[in-house]
Amino acid sequence: MIKIGQYNTLEVVKIVDFGVFLDGGEDFGNILLPKSSVPEGTSLGDNLEVFVYFDSEDDIIATTKKPLAQVGDFALLKIVGISGVGAFVDWGLDKDLLVPFSEQRRRLEVGQNILVRIYTDKASGRIVGSTKLNRFLDKTPAPYQVGDEVKVLIAETTELGYKAVIEDLHWGLFFKTEAFGKLFVGKKLKAYIKEIRPDGKINLSLQKAGKAKVDDLADKILTALERQGGFLPLSDKSAPDDIFKAFRTSKATFKKTIGSLYKKGLIIIENDGIRLNDN
């Protein structure tokens with residue numbers, strides 16, 4: 001079954017001057033892959049991975065270009081035009097993606113970067129985007145446990161901190177106290193489930209909890225020291241951003257961890273960094 005707005009592996013069934021036709025099955029027939037997208041040396045019977053979508057004439061077409069996102073994804077995309085039906089965003093293909101007025105939370109302007117969910121509109125069958133993210137999240141019970149590692153996408157800022165999309169399925173929140181490092185809308189990163197509240201809302205953390213957090217960081221620091229010849233230019237006096245860039249942790253956790261390593265006699269803390277203790 002062909003998945004419109006997603007990647008498909010399709011067989012070449014016909015070669016013509018302007019491209020090749022791919023087998024789209026009974027529902028879609030032959031699908032054109034224009035000559036500009038046909039890999040060199042393509043032959044009849046080859047299987048090609050292509051992205052299938054609608055062209056400017058609303059005909060189904062294939063491309064080997066890699067879009068910035070596909071149906072089912074959340075993505076930060078730039079608005080490149082406004083028309084009488086909505087805003088158009090660049091998603092990396094020849095035809096821009098429409099975000100209809102009915103799918104906009106607020107008025108949009110050309111040049112803005114907006115977070116959208118790409119989906120197939122059931123009424124028209126067209127691929128469109130929406131900034132009304134609540135429509136697509138928290139529709140199923142959260143299967144997570146406290147401490148689970150998850151993939152998240154920063155979606156918006158609030159007075160409490162940063163709202164994030166968890167695994168493309170649920171809302172989560174980083175409180176300001178957990179939001180160290182450089183967080184911004186559109187950033188993808190890994191996080192940990194810190195708390196699942198009685199009302200079902202999920203709190204997130206950038207670090208593992210408790211002793212596991214310190215033990216994990218200690219292993220990373222010792223490994224980094226070994227790879228860097230026994231010395232790292234980071235200490236308890238380093239800037240929080242420098243520490244986060246190196247280990248994705250807060251300065252407080254870093255200080256606690258190197259303090260523990262020092263007490264165990266594994267490292268020496270110097271003014272300009274830390275060093276493996278060879279004694």
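The stops below go from ring pairs to charges over rings.

This is a predicted model, where local features need pLDDT of at least 70, side-chain atom pairs count only at pLDDT 80 or more, and totals for chains, interfaces and linings use all residues. Numbering starts from 1 along each chain as its sequence is written, and side-chain values use heavy atoms, with hydrogens and water left out.

**Ring pairs**

Rings of Phe, Tyr and Trp (its six-membered ring) pair if their centres lie within 6.5 Å; planes under 30 degrees apart are stacked, over 60 edge-to-face, the rest tilted.

Select Tyr-7 and Phe-51. Their rings are edge-to-face, with centres 5.5 Å apart and 70° between the planes. Tyr-7 is in strand β1 (residues 7-16) and Phe-51 in strand β4 (residues 47-54), so the pair ties together parts 44 residues apart in sequence. Strands here are DSSP runs of E, at least two residues, numbered from the N terminus.

Now colour by accessibility: buried means under 20% relative accessible area, exposed over 50%, partly exposed in between (1.4 Å probe, protein chains only). Tyr-7 is partly exposed at 28%. Phe-51 is buried at 0%.

Next, select Phe-247 and Phe-254. This pair is stacked: 6.1 Å centre to centre, 20° between the planes. Both residues are buried.

**Charges over rings**

The test: NZ of Lys or CZ of Arg within 6 Å of the ring centre and within 35 degrees of the ring normal.

Select Arg-135 and Tyr-119. The charged end of Arg-135 sits over the Tyr-119 ring, 5.2 Å from its centre. Finish at Lys-163, whose charged end sits over the ring of Trp-171, 4.0 Å from its centre.

Methods:
Helices (H or I, at least four residues) and strands (E, at least two) are DSSP runs, numbered from the N terminus.
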